Every structure is written in structure tokens, then in C-alpha cells.
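My notes follow, in the order I looked things up.

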Amino acid sequence: MRARVPTVLAASLVLALAAGPLAGPAFAATATASAHDASGHDTSGPDADALRAAIAGLPDADATAALIRVGGDGTWRGTAGVRDVRTGAPALANGRFRAGSVTKVVTAAIVLQLAAEGRVDLDGTVQRYLPGLLTADFKPVTVRELLNYTSGLRPGASLGDTVEEGYPHRFETLTPRQVVAASVAKGPAYDPGTRQDYDNIHYTVLGMLIEKVTGDSYAHQAAVRIFRPLGMRDSSFPVGADPRVHGPHNRGYDWIDGELTDVTDWNMSDRWAAGDLISTTADLERLLVGLFRGRVVPEPQLKEMFTLPDVPGARYAAGLERFELNGRVIWGKTGSRPGYATVIAATRDLSRTLVYSVDSTDAKGDGLAIAERFAYPAFNR
């Protein structure tokens, strides 16, 4: 059970931070504004006051650190909180973190590149590219239906649906094939192309498809097709079942049985092409801007990332989700892993971009509350 009582937080942090201060310093910088109101306040760039307020007071019950980058017409960057609650060392602005389902943007981009090269047909089927993976119970499932979550596949195997359930199994391995086999064994949930259900399983299968078509590992394809061309030098995937985040990073925490627990070290191999990416906010900003500018996926394949399927209530395209906030249409992707909540988001014209990593103490829980605090202010104006 997650603890939110201030006295519990205070007791936990006092014990943990005996060797250091409660909070690390916050740093923020804004670019020169191009427009001002009668009082001289910036009216064109991001809402710096709201963003500063969002990161003020970290660490608190909801997060131990936050790294935020806002760009487009005016920029703002902020870092607050602690790198490690035991020492109280200030959070690292360049810290690496688990980006969770933001991984799906990378996976979608690779598949769409393969489509542009004529190596994958988006209307081609899983049965064609991965013969024998699905049983005869399944109607033909297209690559496009995997990309936009309308495949009809059920969720696969898991080592725990919550942080509390998964924590005792955090060093165990569940392979992608085991994940998919468990899904297939359940049979289809619905006819492909008739409904949209967001789940990791679609992108786990896409990872398998990438490896089959290229004859290469998914991680290497991501490196040569996405990371290296965009200069994403601090982005990578764990090698096998390695549970560590290598290089500089802020540690992640979650409330487990009323205790603030370090959940940084965790074998995420079961998430793989759906959620195993380790990155930085600077690298994800490079991904976001490069993608929207057409430097990653060429037209017409790029349109797939901004086109919702024709099914009731659709919110997801290929890799990206459509949001509306303060009268703006925003395209982006959220991601969460124990201890880390991530967002990349932008208007289609890149007039406003946002990337954040928040060391959330309930990253797999109430994502909306974290987004309202740390993401919404970026799009106030």
C-alpha cells in the first residue's frame, strides 16, 4: 500500500537523509522572450512561473527528483530534487533513467523505416512475417494494427501487474517469447482492426518482427537507425537481464508496504521493445525534434504516427498519442517504470516541445497527477 501521510514521509526521509540535506537545489533557465504584456511579463514562451512552482519543494511524497526541458518558441529547463535520498546529493540534470513506453516511439520509427525501404508492408500480416507465432484461432493481424494497438492480442505474461507484485521478482527473467506465448494461449480478444486497446504486447511482437526482417538484434537496429544518426549518445538498452542503469543517474523510489524503497535496479527484459529504453532528457528531445522534422521517418510513412485508426475512441497512432490541452493538439508518449515517469510531447509544428523525467514514487500509479503537475504548465500558453 502506498503511504501518503506526511508524517510517514517525514519519518522515512529523516532516516534516509541523515547524511545529507532534504532537498537538492533547483536550477532553471529561460530564453529571452519575444513578446510581453503591459507588465513586461513573457507571453510567448513557456510559463516559467508555473514550471518553477511544479518543481519547488522536491523531494516530496510524490517525487524525489524532476528533470524538465521545454523548447520551441522559448525554452526553459529545470532540475530539482535529489540524486539519492540516502546522501541528499542534488539531482543530475543529465541523469539517465528508464523511459518506459517511450520505447514504443523508437520501435514504431524502426518499423516505419523498414516500410519506407520496402522491407515491410504495413498491410502485411504477422502470419506472413512471423509464421507460426499466432495460432489458427487468430484472423490475419497486420503490421499497421500492431502499430496502432488494434491487433486484438491480449496482454502477455507478467512478473507482476503492480510495483508491489513485481518487486520480489525484479531480478527474474521473462523473455519476449514467453510474454507473447502467454498472450497467444489466451486467444484473440476481438477481431483485428475493430477496437483499440493499449498494451505492451503489440510492440513486443513488433520487436520480434524487426529482428526477423533485419536478421539483427532489436537493440542494434535502434542504435544504428535512431540513436547514432540523432546523436543520442546516452541512450541504450540493457544487455540481456542486466538490472542496472549504467552511467550517471538519479535513483528511483516507490512506496512499498509503507516504506520508501529503492527500485532502481530491476531486470526489465520482459518489456524489451515495448519499454526497456534507458535515456536522458536531452536525448529524448533530440528524438522528438528529429522525428517531427522528418529526419527519422520519411513521408508518407511519417503520417502513420499522426493518424488515428478509424475505431471508436481511438487516441493512439503509430507510437504516438493525441492529446488536447488548452486548445492545442499535442502529440506525444508517456512512459513509466518503477521509480521513473517520462513524457515526450510537442505540437505538430514544434512551437512547443516538452520532455521530462520525474522520479515518481508512484510511477506506475496515478500518471495523470504527475502530468498535471509537471507537463501541463509547459502548454499553459
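I started with the contact between helix 3 and helix 8. On the helix 3 side I found Lys104, Thr107, Ala108, Ile110, Val111 and Leu114, and they meet Tyr203, Leu206, Gly207, Ile210, Val213 and Thr214 of helix 8. Contact here means heavy atoms within 4.5 Å. I sorted the residues of this contact and got 8 nonpolar, 3 polar and 1 charged. My classes: Ala, Val, Leu, Ile, Met, Phe, Trp, Tyr, Cys and Pro are nonpolar, Asp, Glu, Lys and Arg are charged, and the others, Gly among them, are polar.

A note on what I'm looking at: this is a predicted model, where local features need pLDDT of at least 70 and side-chain atom pairs count only at pLDDT 80 or more, while totals for chains, interfaces and linings use all residues. Residues are numbered from 1 along each chain as its sequence is written, and side-chain values use heavy atoms, with hydrogens and water left out.

Helices and strands are DSSP runs numbered from the N terminus (H or I, at least four residues, for helices; E, at least two, for strands).

Next I wanted the geometry. Two packed helices are described by the angle between their axes and the distance between the axes. For helix 3 (residues 103-116) and helix 8, the axes come within 10 Å and cross at roughly 40°. The axes are lines fitted to C-alpha atoms, for helices over the stretch in contact, and the angles run from 0 to 180 degrees between N-to-C directions. That makes helix 3 oblique to helix 8. The scale I use: under 35 degrees is roughly parallel, over 145 roughly antiparallel, 65 to 115 roughly perpendicular, and the rest oblique. I also noted that helix 3 passes helix 8 in a left-handed crossing; that is, the near helix is turned anticlockwise from the far one by less than a right angle, and clockwise would be right-handed.

Then I checked another neighbour of helix 8. Helix 7 (residues 176-185) packs against helix 8 (residues 201-214) at about 125°, with the axes 10 Å apart. That makes helix 7 oblique to helix 8, and their crossing is left-handed. Pro176, Arg177, Val179, Val180 and Ser183 of helix 7 meet Ile201, Thr204, Val205 and Met208 of helix 8. These residues divide into 6 nonpolar, 2 polar and 1 charged.

How much of helix 8 is buried? I get 11 of its 14 residues, so "mostly covered" goes in the notebook. Buried means under 20% relative accessible area, exposed means over 50%, and partly exposed is in between (1.4 Å probe, protein chains only). His202, Tyr203 and Leu209 are among the buried ones. Besides helix 3 and helix 7, the cover includes helix 4 (126-129), helix 5 (143-147), helix 9 (218-230) and helix 10.

I checked the length of helix 8 too: from first C-alpha to last, its 14 residues reach 20 Å, close to the 20 Å expected at 1.5 Å a residue. The expected span is 1.5 Å times one less than the number of residues. Just after helix 8, Gly215 takes a positive phi of about 70°.

I moved on to helix 11 (residues 281-292). Its 12 residues should span 16 Å, and the end C-alpha atoms are 16 Å apart, which agrees. I count 11 of the 12 as buried, including Asp283, Glu285 and Phe292. Just after helix 11, Gly294 has a positive phi of about 80°.

Most residues other than glycine have a negative phi, and most peptide bonds are trans. Which peptide bond ending at Pro59 did I flag as cis? It runs from Leu58 to Pro59, with omega near 5°, and Pro59 lies in the loop between helix 2 (48-55) and strand 2 (63-72). The bond from Glu299 to Pro300 is also cis, with omega near 5°. Pro300 sits in the loop between helix 11 and strand 9 (321-325).

Two non-glycine residues went on my list for positive phi. Asp257 has phi near 55°, in the loop between strand 6 (253-256) and strand 7 (259-262). Trp272 has about 45° and belongs to helix 10 (residues 272-275). Buried or exposed, Asp257? Asp257 is exposed, at 63% relative accessible area, whereas Trp272 is buried, at 14%.

Last, I zoomed out. I counted 12 helices and 12 strands in the protein chain, and 56% of its 381 residues are buried.
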